[in-house]
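Subject: Structure for you to look at

Hello,

Here is the structure I promised to pass on. Please open it and keep it beside this note while you read.

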Amino acid sequence: MSDEHRETGTGWPQPVEPVRPVGPAGEPDPRPDAPDADELSPLVPGEPSREQPSESGDDDGATVNLAEVASAEAGSSAQLSDSPSAGPVGRKVSPAGVMIAALLALLGFTLVVQLKTTSTDPTLAATRQEDLVRIFSDLDSREKRLQQDIEGLEDSQRQLRSGEQGRQAALEEATKRADELGILAGTLPARGPGLAVRFEPGGKPIRADRVLDAVQELRGAGAEAMQISGGDRASARIIASTYFLDGAGDVLVVDGRPLTGPYTITVIGDPETMRTALNIPGGVAASVRGDGGNVSVEDREVAEVSALHAPLKLEHARPVS
């Protein structure tokens, strides 16, 4: 240890004041590496420098400027804080960024689940590629067969519906035809617009041929249903096979049933046409009046034909198929 160390009692030498170079007054130091005069001026403020011993521990009086070390450390800290790797900088996160992050997370979760599901299926994992192709082919063929079955069932449904509608229409037509035939055959009652034709005898009784002529004239005028009633209110249905006979006295026999006068024929059809047919010159009305009798015709908005004829049993005739 040197004498300076012993004198200060600290073991370190006293800081040495910078030595101003000697030269002419007012003239700068001519040396190229000479320090600036202002730096050496005691008027310039600055932090007091302290000398630190060198790491080598030599006693040659070398010192370290602590101010320069502190300044260098501050500059390094500033550079580290400005560099991108210094740490995360606070940024504002946009809603679009949040949505994109959520979608990416959901996609990743879906992929993970799919991979786990596929990887945990031992059958598919152990199946060869040729077997997978065959399975897909079988599934495709099964789908085609099922589609054909569906089309066949739909076609059958359409046919059933069409057949049902056809059967319904045929049933309605058959019912209508049966009603018409029943009216013509006298097995069903009928009603509709028509006439009430009354035959009143005079000096002579009403003959059967006069009544038959009246029936024929009414049929020719479009009569659809007829019945004849007597004074005793007995009635008989007039159909195609009906016959008329003169009975004993003033009796008229209709299909074996005796009727007494006066006679009334109730007929359904066009009233105007049938009236014209009865009143033609030389017709039924004129003939009855020539025998001393009278024929009166009355229009009926609703003429009732309620007398029925027993169904005829055919022994020889058969329908042609």
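First, the ground rules. This is a predicted model, where local features need pLDDT of at least 70, side-chain atom pairs count only at pLDDT 80 or more, and totals for chains, interfaces and linings use all residues. Residues are numbered from 1 along each chain as its sequence is written, and side-chain values use heavy atoms, with hydrogens and water left out.

**The sheet**

Five strands make an open sheet, ordered β3-β2-β7-β1-β8, with antiparallel pairing. Strands are DSSP runs of E with at least two residues; helices are runs of H or I with at least four; both are numbered from the N terminus. Two strands pair if DSSP finds at least two bridges between them. The edges belong to β3 (235-238) and β8 (294-305); each has a single partner strand, so one side of each lacks a neighbour in the sheet. On average, neighbouring strands are turned by 20° against each other, direction ignored. Axes here are lines fitted to C-alpha atoms, for helices over the stretch in contact; angles run from 0 to 180 degrees between N-to-C directions.

Now the pairs. β1 (residues 190-200) and β8 run antiparallel, joined by ten bridges. Arginine 198 faces serine 296 of β8 there. β1 also pairs with β7 in the antiparallel sense, over six bridges. Valine 197 has isoleucine 265 of β7 as its bridge partner. Between β2 and β7, also antiparallel, there are five bridges.

**Strand β7**

Is β7 enclosed or open? Six of its six residues are buried, so β7 is largely enclosed by the rest of the structure. Buried means under 20% relative accessible area, exposed over 50%, and partly exposed in between (1.4 Å probe, protein chains only). Tyr263, Ile265 and Val267 point one way; Thr264, Thr266 and Ile268 point the other.

**Helix α8**

Helix α8 (residues 271-278) lies across β1, β7 and β8, at about 20° to β1. Its buried residues include Pro271, Met274, Ala277 and Leu278. Seen down the axis, the buried residues of α8 fall within an arc of 130°, so they line one face of the helix. That arc is taken from the directions from the helix axis to the C-beta atoms. Among the elements covering them are β1, α7, β7, α9 (284-290) and β8. Contact means heavy atoms within 4.5 Å.

Best wishes
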